[in-house]
Amino acid sequence: MDVGRRGGDLSGGTPRVLTAAEDGILVENREALQAVLASVSPLTDLLQAHLTRTSKTTEAAALALLQRLTDVETDASRLLVSLGVARDKATLLNNEAQTLIRESRLRLAEMDVYRRDRERQTQEDRVDIQRLFEQVEQLRPMTEMIREMTIQTNMLGINAAIQAAHAGPVGRGFAVVAGEMRALATQVKSGVVRIEASLSGVLGAVQRRLDATWRAQSQVGAEAAWLTTLTSSMARLSANCENSSGELNALAEKTYQAVGSIRSVVIEALEDVQFQDIACQQIEQVKTGLAMCGHSLRETSGELDRDHFERLEIRTLEHVAVALHATYAMQAQYTTHHAVAGGSSAAGDDHGRPDIELF
Amino acid sequence: MAKSILLVDDSATMLMSVKSILEIGGFKVETSSDGLQALNKLKGGSKPDLIITDINMPNMGGLEFIQSVRALPGFRFLPILTLTTESQTAKRDEGRRLGATGWLVKPISGPDLIKVIKQVLPGV
(Lines give C-alpha, C1' and ligand atoms only; values in the text may rest on other atoms or scores of the structure.)
Protein backbone atom coordinates (compact mmCIF):
# COMPACT_ATOMS: atom_id res chain seq x y z
CA MET A 1 0.00 0.00 0.00
CA ASP A 2 1.31 3.35 -0.83
CA VAL A 3 0.49 6.57 1.04
CA GLY A 4 0.41 8.77 -2.04
CA ARG A 5 3.63 10.67 -1.13
CA ARG A 6 6.22 11.08 -3.76
CA GLY A 7 9.72 10.28 -2.90
CA GLY A 8 12.99 10.09 -4.75
CA ASP A 9 16.15 8.12 -4.55
CA LEU A 10 19.38 9.72 -3.53
CA SER A 11 20.86 9.25 -6.96
CA GLY A 12 18.36 11.74 -8.36
CA GLY A 13 16.35 9.15 -10.24
CA THR A 14 12.66 9.28 -11.07
CA PRO A 15 10.43 10.13 -8.12
CA ARG A 16 8.19 7.45 -6.91
CA VAL A 17 5.32 7.03 -4.46
CA LEU A 18 6.53 6.16 -0.93
CA THR A 19 5.31 3.09 0.75
CA ALA A 20 3.75 3.38 4.22
CA ALA A 21 6.87 1.85 5.74
CA GLU A 22 9.12 4.32 3.97
CA ASP A 23 6.93 7.21 5.01
CA GLY A 24 7.09 5.98 8.59
CA ILE A 25 10.89 5.89 8.43
CA LEU A 26 10.94 9.37 6.94
CA VAL A 27 8.77 10.69 9.78
CA GLU A 28 10.97 8.96 12.35
CA ASN A 29 14.12 10.41 10.77
CA ARG A 30 12.61 13.86 10.71
CA GLU A 31 11.57 13.55 14.36
CA ALA A 32 15.03 12.28 15.32
CA LEU A 33 16.64 15.18 13.49
CA GLN A 34 14.27 17.60 15.19
CA ALA A 35 15.15 16.07 18.55
CA VAL A 36 18.87 16.53 17.82
CA LEU A 37 18.31 20.11 16.76
CA ALA A 38 16.12 20.78 19.80
CA SER A 39 18.81 19.37 22.07
CA VAL A 40 21.38 21.83 20.75
CA SER A 41 19.70 24.89 22.20
CA PRO A 42 19.70 23.63 25.84
CA LEU A 43 23.27 22.56 25.26
CA THR A 44 24.28 26.05 24.09
CA ASP A 45 22.36 27.47 27.07
CA LEU A 46 24.33 25.14 29.33
CA LEU A 47 27.63 26.11 27.72
CA GLN A 48 26.74 29.78 28.05
CA ALA A 49 25.89 29.24 31.70
CA HIS A 50 29.25 27.54 32.19
CA LEU A 51 31.00 30.42 30.49
CA THR A 52 29.07 32.91 32.60
CA ARG A 53 30.11 31.03 35.71
CA THR A 54 33.69 30.94 34.45
CA SER A 55 33.63 34.70 33.91
CA LYS A 56 32.23 35.27 37.38
CA THR A 57 34.75 32.91 38.92
CA THR A 58 37.69 34.56 37.19
CA GLU A 59 36.29 37.97 38.09
CA ALA A 60 35.94 36.98 41.76
CA ALA A 61 39.45 35.54 41.72
CA ALA A 62 40.83 38.61 39.98
CA LEU A 63 39.10 40.91 42.45
CA ALA A 64 40.40 38.90 45.39
CA LEU A 65 43.86 39.01 43.85
CA LEU A 66 43.55 42.75 43.31
CA GLN A 67 42.44 43.23 46.91
CA ARG A 68 45.46 41.30 48.16
CA LEU A 69 47.77 43.23 45.86
CA THR A 70 46.24 46.47 47.03
CA ASP A 71 46.69 45.36 50.65
CA VAL A 72 50.33 44.50 49.95
CA GLU A 73 50.83 47.88 48.30
CA THR A 74 49.13 49.64 51.20
CA ASP A 75 51.31 47.78 53.70
CA ALA A 76 54.38 48.58 51.61
CA SER A 77 53.41 52.25 51.56
CA ARG A 78 52.87 52.24 55.33
CA LEU A 79 56.22 50.51 55.77
CA LEU A 80 57.91 53.19 53.69
CA VAL A 81 56.27 55.92 55.76
CA SER A 82 57.22 54.19 59.04
CA LEU A 83 60.72 53.60 57.74
CA GLY A 84 61.04 57.26 56.81
CA VAL A 85 59.84 58.35 60.24
CA ALA A 86 62.16 55.86 61.98
CA ARG A 87 65.11 56.93 59.85
CA ASP A 88 64.44 60.60 60.56
CA LYS A 89 64.14 59.84 64.28
CA ALA A 90 67.31 57.74 64.25
CA THR A 91 69.15 60.51 62.42
CA LEU A 92 67.88 63.03 64.95
CA LEU A 93 68.92 60.80 67.88
CA ASN A 94 72.32 60.19 66.32
CA ASN A 95 72.81 63.91 65.75
CA GLU A 96 71.83 64.60 69.36
CA ALA A 97 74.15 61.85 70.58
CA GLN A 98 76.99 63.21 68.45
CA THR A 99 76.32 66.71 69.78
CA LEU A 100 76.39 65.40 73.36
CA ILE A 101 79.54 63.43 72.67
CA ARG A 102 81.14 66.46 71.03
CA GLU A 103 80.21 68.64 74.01
CA SER A 104 81.45 65.99 76.43
CA ARG A 105 84.74 65.78 74.59
CA LEU A 106 85.06 69.54 74.75
CA ARG A 107 84.38 69.43 78.50
CA LEU A 108 86.93 66.65 78.83
CA ALA A 109 89.48 68.69 76.90
CA GLU A 110 88.76 71.66 79.16
CA MET A 111 89.09 69.41 82.21
CA ASP A 112 92.40 68.16 80.88
CA VAL A 113 93.65 71.72 80.45
CA TYR A 114 92.48 72.49 83.99
CA ARG A 115 94.11 69.33 85.24
CA ARG A 116 97.41 70.26 83.56
CA ASP A 117 97.21 73.73 85.13
CA ARG A 118 96.57 72.15 88.49
CA GLU A 119 99.41 69.72 87.98
CA ARG A 120 101.74 72.53 87.06
CA GLN A 121 100.48 74.61 90.00
CA THR A 122 100.93 71.69 92.38
CA GLN A 123 104.41 71.15 91.06
CA GLU A 124 105.26 74.80 91.59
CA ASP A 125 103.69 74.73 95.07
CA ARG A 126 105.71 71.71 95.95
CA VAL A 127 108.92 73.36 94.80
CA ASP A 128 108.05 76.52 96.76
CA ILE A 129 107.18 74.58 99.88
CA GLN A 130 110.33 72.50 99.55
CA ARG A 131 112.31 75.71 99.25
CA LEU A 132 110.48 77.15 102.29
CA PHE A 133 111.19 73.98 104.23
CA GLU A 134 114.85 74.24 103.40
CA GLN A 135 114.89 77.90 104.35
CA VAL A 136 113.27 77.11 107.70
CA GLU A 137 115.74 74.26 108.19
CA GLN A 138 118.52 76.78 107.69
CA LEU A 139 117.20 78.69 110.76
CA ARG A 140 117.97 75.79 113.07
CA PRO A 141 121.80 76.42 113.20
CA MET A 142 121.08 80.06 113.98
CA THR A 143 119.11 79.10 117.08
CA GLU A 144 122.09 76.95 118.19
CA MET A 145 124.36 79.90 117.67
CA ILE A 146 122.05 82.10 119.75
CA ARG A 147 121.93 79.41 122.40
CA GLU A 148 125.78 79.39 122.52
CA MET A 149 125.75 83.15 122.73
CA THR A 150 123.33 83.07 125.69
CA ILE A 151 125.54 80.53 127.46
CA GLN A 152 128.57 82.72 126.92
CA THR A 153 126.58 85.81 127.94
CA ASN A 154 125.50 84.00 131.09
CA MET A 155 129.09 82.98 131.76
CA LEU A 156 130.17 86.57 131.23
CA GLY A 157 127.44 87.70 133.63
CA ILE A 158 128.61 85.20 136.25
CA ASN A 159 132.28 86.24 135.83
CA ALA A 160 131.25 89.86 135.93
CA ALA A 161 129.32 89.20 139.17
CA ILE A 162 132.38 87.46 140.68
CA GLN A 163 134.63 90.35 139.65
CA ALA A 164 132.11 92.82 141.02
CA ALA A 165 132.04 90.95 144.33
CA HIS A 166 135.86 91.09 144.49
CA ALA A 167 135.74 94.83 143.85
CA GLY A 168 133.54 95.43 146.91
CA PRO A 169 131.40 98.50 147.05
CA VAL A 170 133.09 99.91 143.97
CA GLY A 171 131.90 96.91 141.94
CA ARG A 172 128.28 97.20 143.14
CA GLY A 173 127.18 99.03 139.99
CA PHE A 174 129.06 96.51 137.88
CA ALA A 175 127.29 93.72 139.81
CA VAL A 176 123.97 95.23 138.75
CA VAL A 177 125.10 95.12 135.07
CA ALA A 178 126.32 91.54 135.53
CA GLY A 179 122.89 90.65 136.93
CA GLU A 180 121.17 92.25 133.97
CA MET A 181 123.45 90.34 131.60
CA ARG A 182 122.54 87.04 133.23
CA ALA A 183 118.85 87.99 133.21
CA LEU A 184 119.19 88.88 129.49
CA ALA A 185 120.91 85.57 128.80
CA THR A 186 118.09 83.77 130.59
CA GLN A 187 115.47 85.67 128.58
CA VAL A 188 117.31 85.03 125.32
CA LYS A 189 117.58 81.35 126.22
CA SER A 190 113.86 81.09 126.83
CA GLY A 191 113.31 83.04 123.58
CA VAL A 192 115.51 80.56 121.75
CA VAL A 193 113.45 77.70 123.18
CA ARG A 194 110.25 79.36 121.93
CA ILE A 195 111.86 80.04 118.53
CA GLU A 196 112.89 76.40 118.27
CA ALA A 197 109.39 75.31 119.19
CA SER A 198 107.95 77.67 116.59
CA LEU A 199 110.41 76.49 113.99
CA SER A 200 109.49 72.89 114.74
CA GLY A 201 105.82 73.82 114.37
CA VAL A 202 106.48 75.65 111.09
CA LEU A 203 108.59 72.79 109.78
CA GLY A 204 105.90 70.28 110.72
CA ALA A 205 103.26 72.35 108.96
CA VAL A 206 105.47 72.80 105.90
CA GLN A 207 106.21 69.08 105.89
CA ARG A 208 102.49 68.28 106.04
CA ARG A 209 101.83 70.74 103.24
CA LEU A 210 104.65 69.15 101.27
CA ASP A 211 103.16 65.73 101.84
CA ALA A 212 99.77 67.09 100.72
CA THR A 213 101.26 68.39 97.48
CA TRP A 214 102.77 64.96 96.85
CA ARG A 215 99.41 63.34 97.40
CA ALA A 216 97.73 65.99 95.20
CA GLN A 217 100.26 65.29 92.48
CA SER A 218 99.56 61.58 92.58
CA GLN A 219 95.80 62.36 92.46
CA VAL A 220 96.36 64.58 89.46
CA GLY A 221 98.10 61.67 87.80
CA ALA A 222 95.10 59.42 88.52
CA GLU A 223 92.78 62.08 87.14
CA ALA A 224 94.89 62.28 84.00
CA ALA A 225 94.59 58.53 83.52
CA TRP A 226 90.85 58.72 84.18
CA LEU A 227 90.44 61.59 81.68
CA THR A 228 92.42 59.67 79.07
CA THR A 229 90.21 56.63 79.57
CA LEU A 230 87.06 58.73 79.41
CA THR A 231 88.22 60.54 76.25
CA SER A 232 89.02 57.21 74.64
CA SER A 233 85.59 55.85 75.64
CA MET A 234 83.93 58.92 74.18
CA ALA A 235 85.82 58.45 70.93
CA ARG A 236 84.71 54.79 70.79
CA LEU A 237 81.14 55.80 71.64
CA SER A 238 81.19 58.39 68.85
CA ALA A 239 82.57 55.87 66.37
CA ASN A 240 79.99 53.29 67.46
CA CYS A 241 77.22 55.85 67.03
CA GLU A 242 78.51 56.69 63.57
CA ASN A 243 78.71 53.00 62.66
CA SER A 244 75.22 52.30 64.01
CA SER A 245 73.84 55.25 62.12
CA GLY A 246 75.61 54.15 58.95
CA GLU A 247 74.35 50.59 59.28
CA LEU A 248 70.84 51.83 60.00
CA ASN A 249 70.96 54.05 56.93
CA ALA A 250 72.26 51.18 54.81
CA LEU A 251 69.52 48.92 56.16
CA ALA A 252 66.93 51.61 55.50
CA GLU A 253 68.23 52.06 51.96
CA LYS A 254 68.07 48.32 51.30
CA THR A 255 64.56 48.19 52.75
CA TYR A 256 63.57 51.14 50.56
CA GLN A 257 64.88 49.30 47.53
CA ALA A 258 63.15 46.06 48.55
CA VAL A 259 59.83 47.77 49.20
CA GLY A 260 60.24 49.70 45.95
CA SER A 261 60.73 46.39 44.13
CA ILE A 262 57.67 44.94 45.86
CA ARG A 263 55.62 47.95 44.77
CA SER A 264 56.87 47.60 41.20
CA VAL A 265 55.91 43.94 41.18
CA VAL A 266 52.52 44.80 42.66
CA ILE A 267 51.95 47.44 39.98
CA GLU A 268 52.92 44.96 37.27
CA ALA A 269 50.55 42.42 38.79
CA LEU A 270 47.81 45.07 38.86
CA GLU A 271 48.41 45.57 35.16
CA ASP A 272 48.34 41.84 34.48
CA VAL A 273 44.94 41.47 36.14
CA GLN A 274 43.48 43.47 33.26
CA PHE A 275 43.57 40.17 31.35
CA GLN A 276 40.37 39.22 33.20
CA ASP A 277 38.36 42.03 31.59
CA ILE A 278 39.75 41.12 28.18
CA ALA A 279 39.02 37.43 28.73
CA CYS A 280 35.48 38.26 29.88
CA GLN A 281 34.82 40.20 26.71
CA GLN A 282 36.13 37.32 24.61
CA ILE A 283 33.94 34.91 26.58
CA GLU A 284 30.96 37.21 26.02
CA GLN A 285 31.67 36.99 22.29
CA VAL A 286 31.74 33.20 22.49
CA LYS A 287 28.47 33.22 24.45
CA THR A 288 26.90 35.43 21.80
CA GLY A 289 28.04 32.98 19.12
CA LEU A 290 26.63 30.05 21.06
CA ALA A 291 23.31 31.83 21.53
CA MET A 292 23.16 32.57 17.79
CA CYS A 293 23.93 28.92 17.01
CA GLY A 294 21.15 27.78 19.36
CA HIS A 295 18.71 30.24 17.86
CA SER A 296 19.60 29.24 14.33
CA LEU A 297 19.19 25.54 15.08
CA ARG A 298 15.84 26.18 16.76
CA GLU A 299 14.76 27.89 13.55
CA THR A 300 15.97 24.90 11.54
CA SER A 301 14.05 22.57 13.83
CA GLY A 302 10.92 24.68 13.23
CA GLU A 303 11.48 24.41 9.49
CA LEU A 304 11.30 20.64 9.78
CA ASP A 305 7.74 20.93 11.08
CA ARG A 306 6.62 22.17 7.72
CA ASP A 307 5.13 19.93 4.98
CA HIS A 308 7.46 17.32 3.62
CA PHE A 309 7.19 18.60 0.13
CA GLU A 310 7.81 22.30 0.74
CA ARG A 311 11.28 23.73 0.22
CA LEU A 312 12.81 24.25 3.66
CA GLU A 313 14.50 27.53 4.62
CA ILE A 314 17.57 26.03 6.20
CA ARG A 315 20.73 28.11 6.59
CA THR A 316 24.17 26.99 7.43
CA LEU A 317 25.80 28.50 10.52
CA GLU A 318 28.09 30.60 8.40
CA HIS A 319 25.98 33.68 9.12
CA VAL A 320 26.85 33.27 12.80
CA ALA A 321 30.54 33.59 12.03
CA VAL A 322 29.84 36.60 9.83
CA ALA A 323 27.76 38.28 12.55
CA LEU A 324 30.45 37.58 15.15
CA HIS A 325 33.08 39.00 12.86
CA ALA A 326 31.08 42.21 12.61
CA THR A 327 31.06 42.66 16.38
CA TYR A 328 34.71 41.97 17.13
CA ALA A 329 36.43 44.69 19.13
CA MET A 330 39.92 43.34 19.57
CA GLN A 331 42.55 42.76 16.99
CA ALA A 332 43.19 39.42 18.70
CA GLN A 333 39.62 38.32 17.86
CA TYR A 334 40.13 39.12 14.19
CA THR A 335 43.47 37.36 14.20
CA THR A 336 41.96 34.21 15.74
CA HIS A 337 39.00 34.33 13.39
CA HIS A 338 41.11 34.56 10.31
CA ALA A 339 43.50 31.92 11.55
CA VAL A 340 40.59 29.46 11.89
CA ALA A 341 38.04 30.57 9.30
CA GLY A 342 40.38 32.20 6.79
CA GLY A 343 39.41 35.17 4.68
CA SER A 344 40.68 38.70 4.45
CA SER A 345 41.69 40.46 7.64
CA ALA A 346 41.05 43.89 6.18
CA ALA A 347 37.73 44.27 7.98
CA GLY A 348 39.39 43.95 11.32
CA ASP A 349 42.55 45.80 10.61
CA ASP A 350 43.53 48.57 12.97
CA HIS A 351 45.84 49.84 10.21
CA GLY A 352 48.81 49.49 12.53
CA ARG A 353 47.63 52.27 14.81
CA PRO A 354 49.40 52.25 18.18
CA ASP A 355 47.81 51.00 21.37
CA ILE A 356 48.35 54.47 22.81
CA GLU A 357 47.22 57.28 20.56
CA LEU A 358 46.76 60.92 21.49
CA PHE A 359 44.60 62.95 19.12
CA MET B 1 46.99 69.08 45.65
CA ALA B 2 46.41 65.70 43.96
CA LYS B 3 44.70 65.81 40.55
CA SER B 4 41.39 63.99 40.41
CA ILE B 5 40.41 61.42 37.81
CA LEU B 6 36.96 60.01 37.02
CA LEU B 7 37.38 56.39 35.94
CA VAL B 8 34.46 54.81 34.06
CA ASP B 9 34.31 51.06 33.33
CA ASP B 10 31.76 48.30 33.77
CA SER B 11 34.48 45.83 34.72
CA ALA B 12 35.06 45.68 38.46
CA THR B 13 38.55 44.29 37.92
CA MET B 14 39.48 47.10 35.53
CA LEU B 15 38.14 49.70 37.96
CA MET B 16 40.12 48.23 40.84
CA SER B 17 43.27 47.60 38.83
CA VAL B 18 43.45 51.02 37.18
CA LYS B 19 42.25 52.83 40.32
CA SER B 20 45.09 51.24 42.32
CA ILE B 21 47.67 52.11 39.66
CA LEU B 22 46.45 55.72 39.57
CA GLU B 23 46.34 56.04 43.37
CA ILE B 24 49.89 54.70 43.61
CA GLY B 25 50.72 57.36 41.03
CA GLY B 26 49.40 59.99 43.44
CA PHE B 27 46.00 60.71 41.89
CA LYS B 28 42.62 60.97 43.58
CA VAL B 29 40.25 58.58 41.82
CA GLU B 30 36.46 58.46 41.58
CA THR B 31 34.79 55.54 39.77
CA SER B 32 31.59 54.87 37.86
CA SER B 33 30.40 51.60 36.36
CA ASP B 34 28.85 53.06 33.20
CA GLY B 35 28.52 56.25 31.19
CA LEU B 36 25.14 57.22 32.58
CA GLN B 37 26.27 56.98 36.18
CA ALA B 38 29.39 59.00 35.36
CA LEU B 39 27.37 61.64 33.51
CA ASN B 40 25.07 62.03 36.52
CA LYS B 41 28.12 62.53 38.74
CA LEU B 42 29.32 65.33 36.50
CA LYS B 43 25.87 66.89 36.43
CA GLY B 44 25.82 66.59 40.22
CA GLY B 45 28.86 68.83 40.55
CA SER B 46 31.83 66.49 40.23
CA LYS B 47 34.71 68.33 38.53
CA PRO B 48 37.51 65.89 37.77
CA ASP B 49 40.73 67.00 36.10
CA LEU B 50 40.60 64.03 33.73
CA ILE B 51 38.15 61.34 32.61
CA ILE B 52 39.24 57.84 31.61
CA THR B 53 36.39 55.83 30.11
CA ASP B 54 35.74 52.41 28.63
CA ILE B 55 33.79 52.23 25.35
CA ASN B 56 31.60 49.14 25.57
CA MET B 57 29.42 49.54 28.64
CA PRO B 58 25.76 48.97 29.55
CA ASN B 59 23.24 51.83 29.93
CA MET B 60 25.49 54.34 28.21
CA GLY B 61 28.59 53.45 26.19
CA GLY B 62 31.80 55.42 26.13
CA LEU B 63 31.22 57.21 22.81
CA GLU B 64 27.80 58.48 23.83
CA PHE B 65 29.23 59.46 27.19
CA ILE B 66 32.01 61.50 25.57
CA GLN B 67 29.50 63.23 23.36
CA SER B 68 27.26 64.02 26.37
CA VAL B 69 30.20 65.32 28.43
CA ARG B 70 31.26 67.67 25.65
CA ALA B 71 27.73 69.05 25.58
CA LEU B 72 27.87 69.95 29.28
CA PRO B 73 28.88 73.52 30.09
CA GLY B 74 32.44 73.73 31.43
CA PHE B 75 33.58 70.36 30.08
CA ARG B 76 34.52 71.30 26.55
CA PHE B 77 38.25 71.20 27.15
CA LEU B 78 38.39 68.55 29.89
CA PRO B 79 40.80 65.80 28.79
CA ILE B 80 39.00 62.52 28.12
CA LEU B 81 40.96 59.33 27.48
CA THR B 82 39.37 56.09 26.39
CA LEU B 83 40.69 52.84 27.83
CA THR B 84 39.12 50.02 25.87
CA THR B 85 39.66 46.69 24.16
CA GLU B 86 38.39 48.38 20.98
CA SER B 87 41.33 48.91 18.68
CA GLN B 88 39.64 49.39 15.34
CA THR B 89 40.17 52.44 13.21
CA ALA B 90 36.49 53.29 12.75
CA LYS B 91 35.80 53.40 16.49
CA ARG B 92 38.94 55.44 17.13
CA ASP B 93 38.01 57.97 14.49
CA GLU B 94 34.51 58.22 15.89
CA GLY B 95 35.92 58.75 19.37
CA ARG B 96 38.17 61.49 18.06
CA ARG B 97 35.27 63.15 16.26
CA LEU B 98 33.13 63.10 19.41
CA GLY B 99 35.84 64.77 21.47
CA ALA B 100 38.12 62.11 22.95
CA THR B 101 41.61 63.38 23.77
CA GLY B 102 43.32 60.04 23.30
CA TRP B 103 42.70 56.35 22.68
CA LEU B 104 44.31 53.70 24.88
CA VAL B 105 43.94 49.99 24.15
CA LYS B 106 43.74 47.52 27.05
CA PRO B 107 45.82 46.23 28.67
CA ILE B 108 47.99 49.21 29.52
CA SER B 109 51.00 49.28 31.83
CA GLY B 110 51.08 51.56 34.86
CA PRO B 111 54.10 53.59 33.67
CA ASP B 112 52.55 54.03 30.20
CA LEU B 113 49.26 55.18 31.70
CA ILE B 114 50.96 57.68 34.00
CA LYS B 115 53.10 58.94 31.11
CA VAL B 116 50.00 59.59 28.96
CA ILE B 117 48.24 61.33 31.85
CA LYS B 118 51.25 63.60 32.32
CA GLN B 119 51.03 64.49 28.66
CA VAL B 120 47.37 65.50 28.79
CA LEU B 121 47.34 66.99 32.30
CA PRO B 122 49.60 70.01 32.55
CA GLY B 123 51.42 70.44 35.84
CA VAL B 124 51.41 66.79 36.87
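**View 1. The area buried between chain A and chain B in the predicted model.** When chain A and chain B of this predicted model are put together, they bury about 3,000 Å² between them, and 59% of that area is on carbon and sulfur atoms. On the side of chain A, the residues that lose the most area to chain B are A:Q274, A:L358 and A:F359, which together account for 24% of what that side buries. In terms of contacts, 33 residues of chain A touch 37 residues of chain B.

**View 2. Salt bridges and polar contacts across the interface.** Three salt bridges are counted between chain A and chain B, and 17 residue pairs are found in polar contact across their interface. The side of chain A that touches chain B draws at least two residues from each of helix 1 (20-167), helix 2 (172-272), helix 3, helix 5 (331-341) and strand 3 (356-358), with helix 1 giving the largest share, seven residues. By type, the residues of this side divide into 15 nonpolar, eight polar and ten charged. A:D277 forms a salt bridge with B:K106, in which the closest N and O atoms are 2.5 Å apart.

**View 3. Strand pairing between the two chains.** Strand 3 of chain A pairs with strand 5 (residues 102-105) of chain B in the antiparallel sense, over three bridges. Within this pairing, A:E357 stands opposite B:W103, which belongs to strand 5 of chain B.

View 4. Apart from its neighbours within four places in sequence, A:S296 is in contact with A:L317 and A:H319.

Conventions. Residues are numbered from 1 along each chain as its sequence is written. Chains are lettered from A and ligands numbered from 1 in the order in which they are written. This is a predicted model: local features need pLDDT of at least 70, side-chain atom pairs count only at pLDDT 80 or more; totals for chains, interfaces and linings use all residues. Side-chain values use heavy atoms; hydrogens and water are left out. Contact means heavy atoms within 4.5 Å. Buried area is the accessible area (1.4 Å probe) that two parts lose on being put together, summed over both. A salt bridge is a side-chain nitrogen of Lys or Arg within 4 Å of a carboxyl oxygen of Asp or Glu. A polar contact is a pair of N or O atoms within 3.5 Å; within protein, one must be able to donate a hydrogen and the other to accept it, and residues adjacent in sequence count only if both atoms are side-chain atoms. Helices (H or I, at least four residues) and strands (E, at least two) are DSSP runs, numbered from the N terminus. Ala, Val, Leu, Ile, Met, Phe, Trp, Tyr, Cys and Pro count as nonpolar, Asp, Glu, Lys and Arg as charged, and the others, Gly among them, as polar. Two strands pair if DSSP finds at least two bridges between them.
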